[in-house]
Amino acid sequence: MEFTKTPGWLDWYAGPSKPQFKLPPGSVDAHCHVFGPGGQFPYAPERKYTPCDASKEQLFALRDHLGFDRNVIVQATCHGADNSALLDALRSSNGKARGVVTVKRTVTDAELETMHAAGVRGVRFNFVKRLVDFTPKDELMEIAARIAPLGWHVVIYFEAVDLPQLWDFFTALPTTVVVDHMGRPDVTRPIDGPEFELFVKFMREHNNVWSKVSCPERLSVVGKPALDGERNPYRDVVPFARKTVESFPDRVLWGTDWPHPNLKHHMPDDGLLVDFIPHIATSPELQRKLLVDNPARLYWGT
Ligand code: 0GY
């Protein structure tokens with residue numbers, strides 16, 4: 001099937017630089033996607049955007065180029081609840097990738113078992129309105145109860161302004177809960193203001209809540225294509241991510257978000273994104289927890 005990508009959508013950056021920061025051995029890119037290829041794995045009819053293809057081979061090549069050891073591949077909304085492309089990537093990874101899927105309440109126990117065998121360890125609940133249609137909370141809670149016995153967790157994606165009304169649902173989830181991109185804070189607001197403080201309180205009061213300190217390129221308002229030689233173009237996001245890493249060093253993850261869905265103004269160089277890491281995890285110990293120990297524990301059980 002032929003797909004035409006959404007107008008204005010930027011292609012992922014084909015020539016990423018080599019990071020200056022040397023990733024510790026065993027580092028995991030814990031948030032990335034595969035898109036299609038659409039001819040083999042068609043995009044979902046209910047999708048809100050049509051991406052450019054981004055294959056498992058291209059993802060694994062990026063992993064090796066940047067110096068990561070393993071990946072966690074997260075189901076993107078353009079594939080809806082058809083996880084075929086993701087499962088195919090997991091099965092081709094020689095155990096070097098785990099996955100987070102999207103399922104409906106109609107998923108069977110046998111399907112969940114098959115996904116587990118392929119390397120799936122979580123489901124994603126998406127509340128970002130520009131990306132998905134509404135799913136009733138009772139359906140999500142039912143799914144959470146079904147996947148909990150498998151030892152899986154729930155990944156949640158939401159906008160910071162929506163946290164107050166989602167709080168009761170999130171805090172009732174029976175599994176580990178992983179927040180995408182720190183709950184998308186508005187980084188023009190004070191770090192000790194009510195919005196980010198609520199997110200910090202969410203993590204502080206609930207030991208089962210983890211966060212990805214990823215996507216500075218999405219959250220930054222100063223972030224632009226880096227100036228010549230500049231390795232830290234997302235400075236305004238640093239205090240938020242750094243506070244999260246330093247407050248909860250054993251419950252944070254990091255990922256590239258390759259191939260960076262829905263970016264229309266600026267496409268990051270993934271090598272520069274890796275160079276963001278030492279600004280937010282400032283010691284070898286924090287870096288090892290963020291990149292190696294935490295994802296190994298959550299996704300490989302080691
Ligand atoms: C991300 C961010 C986005 C998209 C998706 O599944 C998706 O389509 O997650 C976004 O547009 O903010 O984490 O990839």
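Helices here are DSSP runs of H or I with at least four residues, numbered from the N terminus; their axes are lines fitted to C-alpha atoms over the stretch in contact, and angles run from 0 to 180 degrees between N-to-C directions. You are looking at a predicted model, in which local features need pLDDT of at least 70, side-chain atom pairs count only at pLDDT 80 or more, and totals for chains, interfaces and linings use all residues. Residues are numbered from 1 along each chain as its sequence is written, and side-chain values use heavy atoms, leaving out hydrogens and water.

**First stop: α4 and α5**

Select residues 137–147 (α4) and 163–172 (α5): their axes come within 11 Å and cross at roughly 20 degrees. That makes the two helices roughly parallel (angles under 35 degrees). Now show the side chains of Lys137, Leu140 and Met141 on α4, with Leu166, Phe169 and Ala172 on α5; these make the contact (heavy atoms within 4.5 Å).

**Second stop: the ligand**

Which of the 15 residues around the ligand come nearest? Pick His33, Tyr49, Thr77, Arg130 and Tyr157; a residue counts as near if one of its heavy atoms lies within 4 Å. Zoom in on His33, where a polar side-chain atom lies 2.7 Å from a ligand oxygen. Then try Thr77, with a side-chain N or O atom 2.6 Å from an oxygen atom of the ligand, and Tyr157, whose side chain also has an N or O atom 2.6 Å from a ligand oxygen.

**Last stop: α8 and α9**

Finish with residues 238–247 (α8) and 270–280 (α9), which pack at an angle of about 60 degrees with axes 9 Å apart. Val238, Ala241, Arg242 and Val245 of α8 meet Phe276, His279 and Ile280 of α9.

How values were computed:
Angles under 35 degrees count as roughly parallel, over 145 as roughly antiparallel, 65 to 115 as roughly perpendicular and the rest as oblique. A polar contact is a pair of N or O atoms within 3.5 Å; within protein, one must be able to donate a hydrogen and the other to accept it, and residues adjacent in sequence count only if both atoms are side-chain atoms.
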